Amino acid sequence: MSNVLTVEDLEYRCADPGFKLGPISLEIARGESIAIIGENQTGKSLLAKLLVGAIEPHGGRISLHCHDGKTGPRDQSIRMMFQFSSHALNPALSVAKILEEPLLRNTDMDKVSREQLIEETLLKVGLLREHAYHYRHMLSDGQQQRIALARAIILSPNVLVADEPFAALDPSIRSQTVNLLLKLQKEMGLSFVFISHNLGIVRHIADKILVMDKGQIIESGKTDTVFKWPQHDITKRLIMSHQSLVPQQTL
Ligand SMILES: Nc1ncnc2c1ncn2[C@@H]1O[C@H](COP(=O)(O)OP(=O)(O)OP(=O)(O)O)[C@@H](O)[C@H]1O
């Protein structure tokens, strides 16, 4: 499997004294799903922001590879989908305007091509062309989540990074979103890096798990292996507390 992203010795020192992220090195293969898990305030969101370029690292290198192995422009290679919240979409803009914004910023597509791509992307995430004319208040939570996903994939990135994409959704919408992501992953060959405290979803969709503590990756491996034979005490604790919830937890 070819790599779409290589991270070497990534480092970030927070103004908050005592917290330092890294050095972290990792590789993400095309089509792979990687879950970042860990206790609170261990640097998971910070790593996600560094990966997508929202924050500049103090050291190390992030290389994004195109299909031909060369490095490519960041915005078209890696995109972030933020935690669901009803405030994530601008209420003053129509869905068409929300989806047009990354196209205006990153491409020189003309108006007709932009409209066509917006329509195709709405269909891809299971919405209708008519949704282009809707505003946030006209959409359900599940539809808003799909718009956030459409905005993240409209530039056909290689890697989608999502910070707790399932947390604030009710269980039926959550499993629809999981299934939609799995479908898009297959269709687009998308690699997916996500942070989640829901180990049920992690076990269901991740190929690999990275466990973080105090800004470091303390354990990593194939999902099944980590669940069956966790090495680190923190990983054992996270898995045990998940297992004690399993009977009540739905996807
Ligand atoms: N944009 C940022 N700039 C500087 N420091 C940050 C930034 N975001 C987070 N941090 C710092 O990184 C440390 C880890 O926070 P982070 O949000 O990454 O934890 P987390 O593992 O995602 O936690 P949680 O599971 O509770 O969301 C904190 O000390 C925080 O202050």
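Which order do the 3 strands of the open sheet take, and is the pairing parallel or antiparallel?

## Sheet

The order is 2-1-4, and the pairing is antiparallel. Strands are DSSP runs of E with at least two residues, helices are runs of H or I with at least four, and both are numbered from the N terminus. Two strands pair if DSSP finds at least two bridges between them. The model is predicted: local features need pLDDT of at least 70, side-chain atom pairs count only at pLDDT 80 or more, and totals for chains, interfaces and linings use all residues. Residues are numbered from 1 along each chain as its sequence is written.

Strand 2 (20-29) and strand 4 (59-64) are the edges, each pairing on one side only. From one strand to the next, the twist averages 10°. Strand 1 (residues 3-13) pairs with strand 2 over 7 bridges, in the antiparallel sense. V7 has L26 of strand 2 as its bridge partner.

## Helix 3 and helix 5

Helix 3 (residues 95-106) and helix 5 (residues 141-153) have axes that come within 8 Å and cross at roughly 25°. Axes are lines fitted to C-alpha atoms, for helices over the stretch in contact, and angles run from 0 to 180 degrees between N-to-C directions. Helix 3 is therefore roughly parallel to helix 5. Angles under 35 degrees count as roughly parallel, over 145 as roughly antiparallel, 65 to 115 as roughly perpendicular and the rest as oblique.

V95, I98, L99 and P102 of helix 3 make the contact with I147, A150 and R151 of helix 5. Contact requires C-beta atoms, placed from the backbone, within 7 Å. The contact has 6 nonpolar residues, no polar and 1 charged. Ala, Val, Leu, Ile, Met, Phe, Trp, Tyr, Cys and Pro count as nonpolar, Asp, Glu, Lys and Arg as charged, and the others, Gly among them, as polar.

## Helix 5 and helix 6

The axes of helix 5 and helix 6 (residues 171-188) come within 10 Å, crossing at roughly 25°. So helix 5 is roughly parallel to helix 6.

From helix 5, D141, G142, Q145 and I153 meet I173, Q176, T177, L184 and M188 of helix 6. By class, this contact has 4 nonpolar, 4 polar and 1 charged residues.

## Ligand shell

The ligand is surrounded by 13 residues, the closest being F19, N40, K44, S45 and L46. The shell divides into 4 nonpolar, 6 polar and 3 charged residues.

Key
Contact = placed C-beta atoms within 7 Å. Near = placed C-beta within 6 Å.
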